[in-house]
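User: Take me through this one, please. Keep it brisk.

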Amino acid sequence: MNTLSWNDSNIPHHITLENKGQHTRIEMRIIKDIEPEVIHLNVDWPLEILAEAWQGAAMQASEAYDDGNLYSQVRVLFNLENGCVIWLVNHIKMPSGEKMSADRLAWVPAMHGKDGKLIAI
């Protein structure tokens, strides 16, 4: 298992990579006010290649939507040879004022995150 470090020490989220047979499991623990959300994605890339592709930060791939109660944005975690892994960020402000996470990881073939957008490769 390999835990990735963020360039920004203020980011409390955790990303770990683990070999699962012929796949690598990306696990992300999203830390918000309401219990952490754990999301994961299995990809057909070796752990070492993913660790090498990690830049220490998520790259913006869409403009953020934020109305004070809902925050939503697409970010790229890994640009790889034939596609990228995106993080769909969704934070919801609850009536109590606390925030919860409703995020997802996804593989996007034939696209990379570049200059704040998803582009064809």
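Analyst: One term to begin: contact, or touching, means heavy atoms within 4.5 Å. This is a predicted model, where local features need pLDDT of at least 70, side-chain atom pairs count only at pLDDT 80 or more, and totals for chains, interfaces and linings use all residues. Residues are numbered from 1 along each chain as its sequence is written, and side-chain values use heavy atoms, with hydrogens and water left out.

User: Fine. What does Glu37 touch, not counting residues up to four places away in sequence?

Analyst: Met28, Arg29, Ile30, Ser101, Ala102 and Asp103. Glu37 itself lies in strand 4. Strands here are DSSP runs (E, at least two residues), as helices are (H or I, at least four), and both are numbered from the N terminus.

User: Buried or exposed, that Glu37?

Analyst: Buried, and without a salt bridge. Buried means under 20% relative accessible area, exposed over 50%, and partly exposed in between (1.4 Å probe, protein chains only). A salt bridge needs a side-chain nitrogen of Lys or Arg within 4 Å of a carboxyl oxygen of Asp or Glu.

User: Which side chain of opposite charge is nearest to Glu37?

Analyst: Arg104, 9.3 Å away. For charge, Lys and Arg count as positive and Asp and Glu as negative; His and the chain ends are not counted. The Glu37 side chain does make a polar contact with the side chain of Ser101, at 2.8 Å. A polar contact is a pair of N or O atoms within 3.5 Å; within protein, one must be able to donate a hydrogen and the other to accept it, and residues adjacent in sequence count only if both atoms are side-chain atoms.

User: Asp103 was on that list. Where is it?

Analyst: In the loop between strand 9 (99–101) and strand 10 (104–109). Asp103 is also buried with no salt bridge; Arg75 is the nearest side chain of opposite charge, at 7.2 Å.

User: Which side chains make polar contacts with Asp103?

Analyst: Trp87 does, at 2.9 Å. Ser101 does too, at 3.0 Å. Setting aside neighbours within four places in sequence, the contacts of Asp103 include Ile30, Glu37, Ile39 and Leu88.

User: Back to strand 4. What sheet order do we have?

Analyst: An open sheet of four strands, order 1-2-3-4, with antiparallel pairing. Strand 1 (2–4) and strand 4 (37–43) each have a single partner strand, so one side of each has no neighbour in the sheet. The twist averages 20° from one strand to the next. Axes are lines fitted to C-alpha atoms, for helices over the stretch in contact, and angles run from 0 to 180 degrees between N-to-C directions.

User: How many bridges join strand 3 to strand 4?

Analyst: Seven, antiparallel. Two strands pair if DSSP finds at least two bridges between them. Thr24 has Val43 as its bridge partner in strand 4. Six residues make the hairpin link between strand 3 and strand 4.

User: And strands 2 and 3?

Analyst: Strand 2 (residues 14–20) and strand 3 (residues 23–30) are antiparallel, again over seven bridges. Ile15 is bridged to Met28, and Lys20 to His23. Their hairpin has two residues between the strands, and Gly21 takes a positive phi near 70°.

User: Which face of strand 3 is covered?

Analyst: Thr24, Ile26, Met28 and Ile30. His23, Arg25, Glu27 and Arg29 form the uncovered face.

User: Switching topic. How many salt bridges in the whole structure?

Analyst: Two. One joins Lys20 and Glu18 (3.9 Å, N to O). Lys20 is partly exposed at 40% relative accessible area, and Glu18 is partly exposed at 28%. The other pairs Glu27 with Arg25, their closest N and O atoms also being 3.9 Å apart. Glu27 is partly exposed at 25%.

User: Last one: which residue stands opposite Lys114?

Analyst: Lys117, in strand 12. Strand 11 (residues 111–114) and strand 12 (residues 117–120) pair antiparallel over four bridges. Two residues separate them in a hairpin, and Asp115 in the turn has a positive phi of about 50°. Lys117 counts as exposed because its relative accessibility is 54%. Beyond four places in sequence, Lys117 touches Gln60, Ala61 and His112. Its C-alpha is 9.0 Å from that of Met59, 58 residues apart along the chain.
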